[in-house]
Amino acid sequence: MEETGAATVKHPDMNGSAEDIRGQMVQLLPRLRRFAAALTGSVADGDDLVQDTVERALKNLHQWEPGTRLDNWMFRIAKNRFIDTRRSHKRSGVIALEVPVDAPSVTGDGARAADARLMLADTLGALQNLPLEQREALVLVTIEGLSYRDAADFLQIPIGTLTSRIARAREALAPMAPEG
Amino acid sequence: METEPTRETLSAFIDGELPPKEMERIAALLAERPDIGAWVRRQEALRADIKGAFSELMAAPQPARLVQAAKRTPISWRWHLGQFTAPRIWVPAGAALALGLVIGIALQPGSDFASRDGRMMAQGMLATALNDKLASDGYAGSGPRIGISFRSHDGRYCRTFDADAQSGLACRGDKGWAIALLVAHPQAESGGAYRMVGSEMPDTIRAAVSANIEGEPFDAGAERAARDRGWK
């Protein structure tokens with residue numbers, strides 16, 4: 001078949017296109033999964049949150065301002081969705097298990113993989129014991145590597161508040177710190 | 001007398017977030033004060049452990065469902081319309097943007113299209129999809145996928161659709177769905193396996209929607225309500 005009718009119709013060009021944005025989102029998946037696991041306390045719940053986040057981002061792509069950071073925008077969606085879901089669980093009377101840590105699927109073999117799983121489970125469990133506002137502040141700075149300025153901007157809080165939340169998170173986690 | 005550093009200061013020191021002078025002062029203090037030094041070292045180790053705990057997760061292959069979500073979830077129509085700034089196609093005197101133009105098609109018996117009273121109408125699976133399907137159905141079941149639904153300036157219900165070989169716009173009249181615009185997919189000749197990714201709508205259709213839409217496209221509720229009323 002000839003390109004019937006499409007002879008005068010050029011295919012939409014792919015510059016900065018939908019394909020581009022989809023590709024960027026695939027690249028962002030590891031970081032989104034890490035952030036979501038740290039928020040929810042489990043890799044499986046985190047992945048559900050990431051899927052929801054990606055779908056929402058694409059369905060609402062017009063709300064993203066081109067030229068601004070796609071990663072920040074998606075992290076914000078993830079955080080808001082996480083808060084919304086927690087609220088709706090509370091409303092519907094579903095009680096979240098304390099520290100629902102499950103085994104993530106990790107690559108590698110034998111003891112090393114088991115160690116990695118255990119370490120992640122421990123870490124997720126410890127983070128889950130922090131109030132959300134301390135957890136997200138600590139995660140953005142220590143895991144995502146954001147500066148205090150960027151993390152404060154992301155959370156829309158003063159930098160002093162951020163500093164104090166991180167310090168309090170560290171106090172709370174001190175018992176699990178390795179012995180010097 | 002040096003002031004005793006607060007936990008906040010020490011915490012910011014660990015993150016390298018103090019002004020340079022203050023960073024130096026704390027670093028010097030750690031040597032003199034084993035108690036503070038030990039706390040800082042433990043917290044530094046903890047910081048590394050927390051980040052390290054995620055390294056296997058970061059290196060693991062991405063779950064297919066997440067990759068699919070990124071590659072397949074339809075992109076919002078508003079974003080597509082925003083992309084359409086100037087026509088990148090040549091349109092004779094703007095006439096092609098008015099409803100009623102059909103870009104060439106081979107009419108075959110048993111196809112999704114029929115000519116009735118000189119008008120091209122949807123039939124078969126296309127007609128069924130236009131009558132019954134919702135955008136949220138995607139490619140579920142058989143037949144084309146529905147994109148967006150809206151009211152046109154002349155008060156008719158119109159819906160965009162995507163099939164294997166072409167995308168189009170159909171508007172509802174007394175005698176069924178009249179095809180207002182039909183665009184063949186450039187790669188359609190490779191066979192039925194080709195699908196447009198997500199809802200990447202051809203520019204011509206986007207343009208026709210923007211030129212003819214009255215108000216906003218239907219949200220899921222309005223779409224369902226119109227469907228349940230039989231598009232009348």
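Residues are numbered from 1 along each chain as its sequence is written, while chains are lettered from A and ligands numbered from 1 in the order in which they are written.

## Chain A: confidence

pLDDT is the predictor's confidence in each residue, from 0 to 100. Chain A has a mean pLDDT of 81. In chain A, 77% of the residues reach 70 or more. Residues 1-15 of chain A stay under 50 in pLDDT. The model still has 33 contacts beyond four places in sequence for residues 1-15 of chain A. A contact means that the C-beta atoms of two residues, placed from the backbone, lie within 7 Å. Residues 93-108 of chain A also have pLDDT below 50. That stretch, 93-108 of chain A, has 34 contacts in the model beyond near neighbours in sequence. Where pLDDT is low, the predicted coordinates should not be read in detail.

## Chain A: packing on helix α7

Helices (H or I, at least four residues) and strands (E, at least two) are DSSP runs, numbered from the N terminus. Helix α7(A) spans residues 159-173. Helix α5(A), residues 132-143, packs against α7(A). Helix α6(A), residues 148-155, packs against α7(A) too. Axes are lines fitted to C-alpha atoms, for helices over the stretch in contact, and angles run from 0 to 180 degrees between N-to-C directions.

| Helix pair | Angle | Axis separation |
|---|---|---|
| α5(A) and α7(A) | about 95° | 8 Å |
| α6(A) and α7(A) | about 105° | 9 Å |

Angles under 35 degrees count as roughly parallel, over 145 as roughly antiparallel, 65 to 115 as roughly perpendicular and the rest as oblique. α5(A) and α7(A) are therefore roughly perpendicular to each other. On the α5(A) side, the contact is made by A:E133, A:Q134, A:R135, A:A137, A:L138 and A:V141. On the α7(A) side, it uses A:L162, A:R165, A:I166, A:R168 and A:A169. By class, the contact of α5(A) with α7(A) has six nonpolar, one polar and four charged residues. Here Ala, Val, Leu, Ile, Met, Phe, Trp, Tyr, Cys and Pro count as nonpolar, Asp, Glu, Lys and Arg as charged, and the others, Gly among them, as polar.

α6(A) and α7(A) are likewise roughly perpendicular to each other. Helix α6(A) contributes A:Y148, A:R149, A:A151, A:A152 and A:L155 to the contact. From α7(A) come A:I159, A:L162 and A:T163. The contact of α6(A) with α7(A) has six nonpolar, one polar and one charged residues.

## Chain B: strands

Chain B has nine helices and six strands. Of its 232 residues, 36% count as buried. A residue is buried if 20 or more other C-beta atoms lie within 10 Å of its own, exposed if 12 or fewer, and partly exposed in between, with C-beta atoms placed from the backbone. Among contacts in chain B between residues at least 6 apart in sequence, 51% join residues at least 24 apart.

Strand β5(B) spans residues 166-173. Seven of its eight residues are buried, so β5(B) is largely enclosed by the rest of the structure. Two strands pair if DSSP finds at least two bridges between them. β5(B) pairs with β4(B), residues 157-162, in the antiparallel sense over five bridges. Three residues lie between β4(B) and β5(B) in a hairpin. Eight bridges join β5(B) to the antiparallel β6(B), residues 176-184. The hairpin from β5(B) to β6(B) runs through two residues. B:L169 of β5(B) is the bridge partner of B:T160. B:L169 also stands opposite B:L181 in β6(B).

Strands β1(B), residues 113-116, and β2(B), residues 119-122, run antiparallel and are joined by four bridges. B:S115 has B:M120 of β2(B) as its bridge partner. The β1(B)-β2(B) hairpin has two residues between its strands. In the turn, B:D117 has a positive phi of about 50°.

## Chain B: helices

Helix α8(B) spans residues 203-212. It is mostly covered, with eight of its 10 residues buried. Among them are B:I205, B:A208 and B:V209. B:S210 lies in α8(B). B:S210 is partly exposed, with 13 other C-beta atoms within 10 Å. B:S210 and B:S152 are 58 residues apart in sequence and 9.7 Å apart in space, C-alpha to C-alpha.

B:A27 sits in helix α2(B), residues 20-32. B:A27 is exposed, with 12 other C-beta atoms within 10 Å.

Technical notes
Predicted model: local features only at pLDDT ≥ 70, side-chain atom pairs only at ≥ 80, totals over all residues.
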